[in-house]
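User: Please take me through this structure and tell me, for each label you use, what rule stands behind it.

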Amino acid sequence: MLLLSNNLCAQTNSLSNSPYSVYGIGTPSRFGTGKINAIGGSGIAMKSDNSLNSLNPASLGAIPLNHFYFDLGINTQIYGLSEGAGTSKQFNATLTNVAMAFPLNSRSGLAVTLSPYANVGYSITGIENSIEGSNAIYTSDAIGTGSINEIRVDYGYGLLNNLRLGLSASYFFGKTEQTEYNTIGNYSLDIKKQNRYTGVGLNMGLQYDINESLSLASILKFPAVLKATQNSYISQDYDDTIEVETSGDDFMLPLEMGFGAAIAPRDNLKVYLDYSRKFWSNTAETDDLSTLIDQDIFKVGSTFIPKPNGIHYWQNVEYRTGFNYDTGYLEIAGEKVKSYNLSLGVGLPISHTGSKLNLSYAYGQNGSLSKGLIREKIHTISINLSLDGLWFVKPKYQ
Amino acid sequence: MPKNLYILGSLLFVLIAFESCTTDDSSFPVGEDWVNGDTRVLYIDTMTVESGTFLFDSIQVTQTGRLLLGAYRDSVFGSTKSKIFSRLTNSVYSIDNDATFDSIALILRYDNYFYNDTLSPQRIKIYPVTQDIVAEEDGNYYNTSTFDYDKTSLGDVSFTPRPIRDDSLHLLLHADFGQKLFDELQDNTINNSDEFLNSYPGILLDPDEDNTAILGFQSTSLIRLYYSIENETGSTEDVIDFAFDASNTFHNISGQRQDTYFTNLNDQKDLVTAEQAGGDSYIQSGTGLATRIAFPNLSGLSGIEGSGTLLYAQLGISLNTHELSDQLHVGDSLVAYIVDQRSQILSTLYDYDGNAAYGVITQKEDEFPILTYTLPIHYFLDQKAANFNGENWYLALISKNFNQSVDRYIFNGNQADDDSKLKIKLTYAIYDN
């Protein structure tokens, strides 16, 4: 199905429209499974009791027996980019995740998730560089595409009824490609660099229910190295294309720590509060103009069902809202690239077993106009299908 | 419920079908602050290029359209002399018995080329050649080819050259030579071409060493015998033309180079460096003096680390304008060959277009004009770097009419002013640091 969809789409392969994706391995994906996008990305303390929570492997300790989850998400984004006087509107649509989860026994569960970890998609023109040894300059256009994907296996175990531990192992793989079109005097020099990355990562999680209406949780992601192999293709006006293996830099994914709380003031109302920090500065990724800095992310979200099991359909719909604020992982020319996001969504029940169609809309801003940076205003529509199937249990009534 | 699922499933399928689609409406222009790539582009014009002068053992002069005749003394190049060996052709083997010989003359048709001072009278002697004028084994004549001749001259003439104003030069030869030839044809001593060539293998036109000019003549020059026939009404005049056989007529050009920088160039592999020759390199057409350029190795330049590729390369060689004069003109382009360390020609210099590369003159309009020939050498440097014997590749520069002119060129070496010294300009891109 995925292969077919690639053929139907006649456009390019860039899965992002952010010029900021030129840094590192691209723009990290901020999406998750189920309802996570609608609640501002929060939910570290949320149990996977009716849909998969991709934020914390410990949540799988709560997957009910005989249930099987299938989670599929896509999103479309409309980017409005501004820099100084220039603006531009761009659009993309991507797959957010494909996942499934199932219990192993009454205390534990396993999930397998495939999702993009980071996306690269930019088209930057008119970059001016100086020709060393003279006063002349030459111009470049740079186009980047590609993505790094993650396939992850989560395992969650309920040590006690109110204490769950989790472990996950990830395999990262992907390819990014940057093509630089240089015009030097009357000559053109095109340099295409393809980076192939592979790496493995390890995460841990914990969830603790203090009582029925308060749970605390934490996650820990260990740093991971994405090893790179790079091939360059250099074509120029005269002379044949040079194909050579060049030295690509490995990329380090940072140590990440997160804490979350889930509060249920009432049965049908839940509030989630998350804080996480990614320690990018330890990865020593820096060059003259941009630095990776430690990133703090604050998320808050809430869900509300008017009347669970009510007669009317809309009474069973889950209404969601969320907000997050991100101090950013990039500092460019001394200026931090911060972002915030506001989200609204609904979960529409589509089966008696708890399957839901989750729709959400988010509006966010990334970056700012000061110091020549680019400000992105992003509208995101996410559509997620969370199927919760009952296995090995015959329905009582056909 | 299952129906809802099918609808939802198809809806999702359609939506997923647009996975990995992006519109590419407009690229985003940003400044240099944004992207710091690995690519570096360098402009380098500070590499040291060495030049020198060598002498071709011989240069081929078969069927040059122009025949050079004359001699002159040059303060830099010594004395230069060009003499002409010519095989004659004849088609008249019977002459009326009543005809009488009038005179015989050498008619040389100017081709407008001249070198050095044409204001003074020039003197040449004409001798009979006693050896058959035939090409060397490979079918060619060379500027060093020579044939035996009889030291008794057929003519000894002085004239004031007027290569532009006049069409041709008319030089009277000794009457007894003409009479003898006339009689042999009239008496049928000579009846055909073989007998003619047996008696008259050819002529040598030998300029006096104290001449001050070298002149160019067309190969359609000839010897003309005038005779007349008396009859009742008067006398009619007629001629017999002995045209130069263009395929077997050539000029022998030589130089006397004692007391010049080039006195020790005895073999083609010998080289006089610019340092040894007043800081300059030289070309003298006709005699075979040529400039040779040595190129430095591109890799190992300080500051060039990483893998890169050459985008552009050009050689600039400038005339030493202190040595220019109106009388001693130069051409507007130079021809280049790739030669080895013994100055043997390996091939013509080509450019990436596939065309032979020439050095073309570019002139700066200035109070003190600088005349520079520029030559594209990108392809040459790429080939040189890739060839296993590339370190023994040099470029030889000669003038355009190298085998039918005596033009001299004096080029600045690498020690002259920055504007006019021998240099190469490179644009080099590094894509992997």
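Analyst: In this predicted model, strand E15 (residues 295-304) of chain A and E16(A) run antiparallel and are joined by eight bridges. Residues are numbered from 1 along each chain as written, while chains are lettered from A in the order of writing. Because the model is predicted, local features need pLDDT of at least 70 and side-chain atom pairs 80 or more, whereas totals for chains, interfaces and linings use all residues.

User: What makes E15(A) and E16(A) a pair of strands?

Analyst: Strands are DSSP runs of E with at least two residues, numbered from the N terminus, and two of them pair if DSSP finds at least two bridges between them. E15(A) and E16(A) have eight bridges, and within this pairing A:Phe298 stands opposite A:Tyr325.

User: How do you know whether the radius of gyration of chain A agrees with that of a compact globule?

Analyst: The radius is taken over C-alpha atoms, and the globule rule is 2.2 Å times the number of residues to the power 0.38. For 398 residues the rule gives a value near 21 Å, and chain A has 23 Å, so the two agree. Along its principal axes the C-alpha trace of chain A spans about 80 × 40 × 40 Å.

User: Why is B:Asn112 called exposed?

Analyst: A residue is exposed if 12 or fewer other C-beta atoms, placed from the backbone, lie within 10 Å of its own, buried if there are 20 or more, and partly exposed in between. B:Asn112 has 10 such neighbours and therefore counts as exposed. B:Asn112 is found in strand E7 (residues 99-116) of chain B, and its phi is near 80°, a positive value in a residue other than glycine.

User: What makes B:Asp259 exposed, and where does B:Asp259 lie?

Analyst: B:Asp259 counts as exposed because it has 9 C-beta neighbours inside 10 Å. B:Asp259 lies in the loop between strand E14 (235-256) and strand E15 (272-273) of chain B, with a positive phi of about 65° although it is not a glycine. Most residues other than glycine have a negative phi.

Technical notes: Helix = DSSP H or I, 4+ residues; strand = E, 2+ residues; numbered from the N terminus.
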